[in-house]
Amino acid sequence: MLTRRGFLAGGAALLGMPSIARAQICTPLFEGAAPDNLVPPTFDKLIRNAQRVIGVRPHRIGGFRLETEGPLTTPKGVKFIVHNYGHSGAGITLSWGCAAEVVEKVKELVADFEKLKIKPNIAVIGAGVIGLTSATELRNAFRTLPVTVYSDTWDLKKTTSYKAGGQFEPSMIYHQYNTNDERRRLLKRYVERSAARICWLQRTGEAASYGIAARRNFTLNEQAGFDFASMVVKVDHQKLPLTTLQGGGFEYRTWLINPQILLPKLAAQIPAKMRVTKRFRSREEIEALPHNIIINCTGFGAKALFEDRNLQPRRGHLILLRNPQKLRYFFSGGCGREDERVISYMFARQDDIVIGGTLRDASDGDSVTIEDDDKPIFDRMFSNIKMVFAGQSDQCRRLDTTS
Ligand SMILES: Cc1cc2nc3c(=O)[nH]c(=O)nc-3n(C[C@H](O)[C@H](O)[C@H](O)COP(=O)(O)OP(=O)(O)OC[C@H]3O[C@@H](n4cnc5c(N)ncnc54)[C@H](O)[C@@H]3O)c2cc1C
């Protein structure tokens with residue numbers, strides 16, 4: 001079997017240098033930020049112009065796939081595929097951290113090819129948040145190497161990434177890494193590397209242009225979604241400062257990374273001549289590309305392309321409201337009775353408000369079409385968040401049934 005060591009004919013692999021420096025983690029920067037206006041949304045007025053959307057999270061049993069496959073012997077020569085997909089409900093959060101790891105893997109491969117006097121040639125497949133951050137970090141790291149980005153569409157609005165809420169939190173994927181300390185450390189490493197890029201953007205004054213803003217996140221739960229205390233400041237309140245939220249709860253500080261701002265910003269860094277529209281129907285079509293280092297960032301598309309049975313579609317419903325009150329906070333606690341917690345969240349972004357709550361639904365499939373079965377789910381999500389802000393969170397009802 002051809003191994004990477006064999007491919008190198010015994011040469012020692014060079015250690016890659018991380019392009020996202022192991023910077024100190026900062027906290028979300030509130031200085032100079034607009035006031036967060038701690039009043040509830042005027043739900044009944046806003047619902048009239050609401051938009052409803054469904055996105056499909058690329059959930060992967062065992063955690064996302066970030067590994068190098070190869071060397072692969074193909075009719076077009078020896079190649080490597082670096083897989084970077086399956087980020088479930090946390091792709092926005094993990095994107096820069098995983099892109100930093102991609103850069104390290106590619107640095108090793110580039111060094112290997114150069115030793116063999118083969119010109120490295122990089123392709124990224126996918127123009128969601130994972131593909132675009134991989135491509136832009138690679139361009140930063142390899143100023144002289146071309147990086148071509150392929151996607152079946154360059155209409156960014158069609159990607160799952162564009163539909164995401166944008167909360168910095170390793171939501172859903174967290175449970176895939178919570179099995180032991182080592183795996184937990186692994187996830188922490190990726191999250192912290194993402195945070196390092198955000199901190200750098202804060203320091204250079206560019207964060208806002210990437211859709212990044214600090215947010216106070218209120219929750220009625222005792223636990224935030226994750227507890228990497230090094231970067232998220234937690235405040236324990238006897239009574240939450242939002243007057244309508246009854247009882248005690250927690251506040252933690254995190255970031256909003258608005259994908260509707262982030263994605264166009266990243267895509268603009270890929271020159272038009274390096275963007276190719278192409279739909280791949282098989283792994284063979286990918287291997288037939290003229291590039292010898294291929295970064296696979298096809299999200300849920302990887303299930304069919306690479307026959308990955310661990311990838312599962314997890315539909316998520318979102319209601320988008322306008323934000324005329326200029327609210328600037330998140331709520332992402334649960335509601336419902338202690339024994340039957342329902343997820344309910346509301347993220348106030350720069351210009352709109354996102355309401356969500358479904359992590360998976362009864363019909364979990366990979367369709368983003370709104371069917372008749374989805375309508376009661378949207379209605380219930382909306383009435384649940386209203387209950388929360390009316391101080392009646394104990395009356396929230398489950399979303400995953402139609403009864
Ligand atoms: C409702 C909802 C809320 C979410 N909220 C958050 C949040 O608050 N915070 C957070 O961190 N994450 C959140 N997520 C998760 C996040 O959206 C995903 O983890 C992330 O978008 C995955 O990014 P991706 O680039 O891998 O996939 P995608 O955005 O789906 O991009 C895949 C790319 O590959 C291309 N592609 C696929 N197949 C092929 C093919 N065969 N040939 C050519 N091109 C192909 C696609 O066109 C696309 O360009 C949310 C997701 C949903 C659905």
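**Exercise 1. The ligand and its polar contacts**

How far is an oxygen atom of the ligand from a polar backbone atom of Gly 91? Work it out on this predicted model, then describe the surroundings of the ligand.

*Solution.* 
- Step 1: Start at Gly 91, where a polar backbone atom is 2.9 Å from an oxygen atom of the ligand.
- Step 2: Look next at Thr 93, which places a polar side-chain atom 2.7 Å from a ligand oxygen.
- Step 3: Move to Ala 127, where a polar backbone atom lies 2.9 Å from an oxygen atom of the ligand.
- Step 4: Check the cover. Taken alone, the ligand exposes 1,000 Å², and the protein buries 94% of that.
- Step 5: Find the elements that give two or more residues to the shell: strands E1 (51-60), E11 (311-322) and E15 (345-348), together with helices H3, H4 (129-141) and H5 (160-163). E1 gives the most, with 4 residues.
- Step 6: Take the shell as a whole. The ligand is surrounded by 38 residues, and the closest are Ser 88, Thr 93, Ala 127, Asp 152 and Ser 161. By class, the shell has 14 nonpolar, 20 polar and 4 charged residues.

**Exercise 2. Backbone exceptions**

Which residue is joined to Gly 70 by a cis peptide bond? And where is Ser 88 placed?

*Solution.* 
- Step 1: Keep the background in mind: most peptide bonds are trans, and most residues other than glycine have a negative phi.
- Step 2: Pro 71 is joined to Gly 70 by a cis bond, with omega about 10 degrees. Pro 71 sits in strand E2 (residues 65-74).
- Step 3: Ser 88 is in the loop between strand E3 (77-85) and H3. Although Ser 88 is not a glycine, it has a positive phi of about 50 degrees.
- Step 4: Link back to Exercise 1, where Ser 88 was among the closest residues to the ligand.

Note on methods
Residues are numbered from 1 along each chain as its sequence is written. This is a predicted model: local features need pLDDT of at least 70, side-chain atom pairs count only at pLDDT 80 or more; totals for chains, interfaces and linings use all residues. Side-chain values use heavy atoms; hydrogens and water are left out. A residue is near a molecule or strand if one of its heavy atoms lies within 4 Å of it. A polar contact is a pair of N or O atoms within 3.5 Å; within protein, one must be able to donate a hydrogen and the other to accept it, and residues adjacent in sequence count only if both atoms are side-chain atoms. Accessible areas come from the Shrake-Rupley method with a 1.4 Å probe; for residues, only the protein chains shown count as cover. Ala, Val, Leu, Ile, Met, Phe, Trp, Tyr, Cys and Pro count as nonpolar, Asp, Glu, Lys and Arg as charged, and the others, Gly among them, as polar.
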